[in-house]
Amino acid sequence: MPRPRTRASCAAAVAIALCATLTGCGGGASATADGKVTLRFTWWGNTDRAARTEKAVAAFERAHPGIDVQTSYSTYDSYKQKLATQAAGDDVPDLIQLDYRQISQYAGSGVMLDLAEQRKALPTGEMDPKLLKTGQVGGRQYALPMGVGTQTVAYDKAAWRAAGVIQPQAGWSWQDWVKALRQVKEHRGTYAMTDPGAAEDQFEIWLRGRGKQLYGKDGQVAFSAGDLARWWTFTSKLRKEGLVSPATDTTQMSGSVEDTPMGRKLSVAEFNWDAPSAGYEAMYGDRLAIAPTPTGEDGTFGQYYKPSMLLGISAGSEHPREAAQFIDFLLNSDKAADILGVDRGTPVNSRQRSRVLSSVTGFQKQVARLQTSLRGKLDPPPAAPPRGDNGLQSTFQRDYDQVSFEKLTPREAAENFLTEARAELRP
Amino acid sequence: MANTSTARATSAPASEAAPSGAQRAGGTGGRRPYGQGRPPVRERQGAAWVFLSPWVLGATVLTLLPMAVSLYLSFTDYNLFDPPSWVGLRNYTQMFTEDARLYRSVGNTLLYVFIAVPLQLALALAAALALKSMRRGRSFYRSAFYAPSLLGASMSIALVWRAIFNDGGTVDNLLSGVGVHIGGWVNQPGWALLSVALLTVWQFGAPMVIFLAGLQQIPQEMYEAAAVDGAGPWRKFASITLPMLSPVLFFNLVLQTIQAFQVFTPAFAISSGRGGPADSTLFYTLYLYERGFTSSHMGYASAMAWMLLLAIGIVTAVLFRTSKSWVFYANEEGG
């Protein structure tokens, strides 16, 4: 009898010891020994943005020695998926960066803190009220825009000039655009621009230039299959004429500048947002230029000022005050403005805006100049895209793939897109 | 005739070894009448459970529980943000009746399985045969051929693969050099799936090692006897190697088929997560992932996962059923 008992107690001891080590590992970093408050801050972006953000974070930590900010970043696609999973598991970081397309979903689901609760630590008096609205859902401020951006045509100045195309000016029409592409193509002997058909953002510019919108006030799709079919017929014609990239070159685009035809030095122009166009600088240096996007027949501007991204605090954060202090530092302080420049778009704080616009250098200066030149010409941003819109961008690209590989006609693909969009936006 | 008798001879000691081993194990307790001087069964089981507890805990918390939750979710509409709402069988009926892309993904997956699995097994067998006849450097080549299996599942190799099969990549340049102008494989609907399949075929190391072990089990006397009877190398392969190797072949076939149905990483990396170009590499798992994580239909994705489990179960059952007619077990012949 005694032998087995010892064996059993040994086993128990081993098991207990095992449990102890396991829990020891699982403890995590929630309690820091020196009583510091730890904030988690996640965002998406490229390495250039990461370098600037890290610098700003370090400056904040120097100013607030009691706060430690842990950062992590990834590309937009994987960021989106990770954040959604964290939201499902109640493990959202304290500070999160959101796209305009995400705000309805996250604020509407109780993931975000109502920033009115932290008004003292986070004054918004110097921010443009029209832009502040982009972070509001149901009248409450859940996030603050970090910057303002607009769509552009990024192009290789040297290649365009060699073809005899002078710098496009605000107000050029889609016809002017096609003419320019034809000229560049004839000179180069190959296509001039990346096929814009796959990107919903470009469709939106074209659509708004015709006085229409992606979404109506009811949160439903506000354009018809005919509208979309017309756009895709237009881009398909350009593709068949050899003015824009063929399907095989367009299909690999995945949201990072390096994967696009212009990033791969196949085309010499591409639609993109203004601040992210900085990514082309690595390939084109000071040959890189940006122009406003083409306008509709009657001169209607399709592009608009969009909050490039929004920053908010998670409802589950244990340190909302410190988190609010961090946002205040990032958006309102001189120090952060000098470090970040227009990397996340031009600042929303009007004082920082004029400070940054007058002091930026290099490519950022072009962004500042473009935004200044468009001042007063653009319509205010449309209301935040409804919940369920999240996956539609990739649906759009996928459906256009079917068009550009000539598996479906523009009309068929447009019908497919609207069917799926209506199902996703089901109230 | 010679080979069946040898097979019986070799299998005999193996089948005898088992009972004698069992007797020996029972022998220590056998000194006294069973049950005396031993702790009651329940107590002994208690100790067993204590030792098993880490595994049981892991299996329950990390596997069984999530599976149960996923089964529940498959009957709900769940978007990660709002609590799941019960929809009964709607996800399942939608899969069968409304979802054309699902059928597309099933077609792609089957095509992939039919290309990748036979090619991979053939290559693995060929490599194993070559290694077996090798006198020197066998362990070096074995490791060298096995290496892709260690690397291949990783994201980085898939990305390298994408570069190799891209426009202006290695393959494009080589083929252009001999006058074949296909362009990049990964951005053409007709070729992309093949580039993914080749990545899998290249990872033939694991089945190769198993084949090699199986080959070394085949008694040399059989080949000698066959040689005396005047059999050539092809005859030896068809009449000795293949039948004797069939259980191993079957094992590899089942394993690789199950794995092929679940292919994900290479297609994800090569198509930037979208199953492109034009849905040509949209495998079932990739579509499942897209439904779950891109469009936030977790309920639907769960239902898809359960259908995959069911499908793999059925395919495996069919393979087992057919195995009776072509798999030869040396010891069953003797009984």
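Predicted model: local features only at pLDDT ≥ 70, side-chain atom pairs only at ≥ 80, totals over all residues.
**Exercise 1.** Work out which parts of domain 1 of chain A touch domain 2 of chain A.

*Solution.* 
- Step 1: call two residues a contact when their C-beta atoms, placed from the backbone, lie within 7 Å. With that cut-off, 14 residues of domain 1 of chain A meet 13 residues of domain 2 of chain A.
- Step 2: look for helices on the domain 1 side. Both α3 (76–88) and α15 (363–374) of chain A put in at least two residues each.
- Step 3: pick the top contributor. That's α15(A), which gives the most, with four residues.
- Step 4: sort this side of domain 1 of chain A by class. You get five nonpolar, five polar and four charged residues.

**Exercise 2.** Now do the chains: describe the side of chain B that touches chain A.

*Solution.* 
- Step 1: list who takes part. Chain B brings 26 residues to the contact and chain A brings 27 residues.
- Step 2: spot the helices of chain B. Here α2 (41–73) and α13 (284–294) each supply at least two residues.
- Step 3: find the largest share on the chain B side. It belongs to α2(B), with seven residues.
- Step 4: sort the chain B side by class. It splits into 11 nonpolar, 12 polar and three charged residues.

Definitions and conventions: Residues numbered from 1 in each chain as written. Chains lettered and ligands numbered in written order. Nonpolar A, V, L, I, M, F, W, Y, C, P; charged D, E, K, R; others polar.
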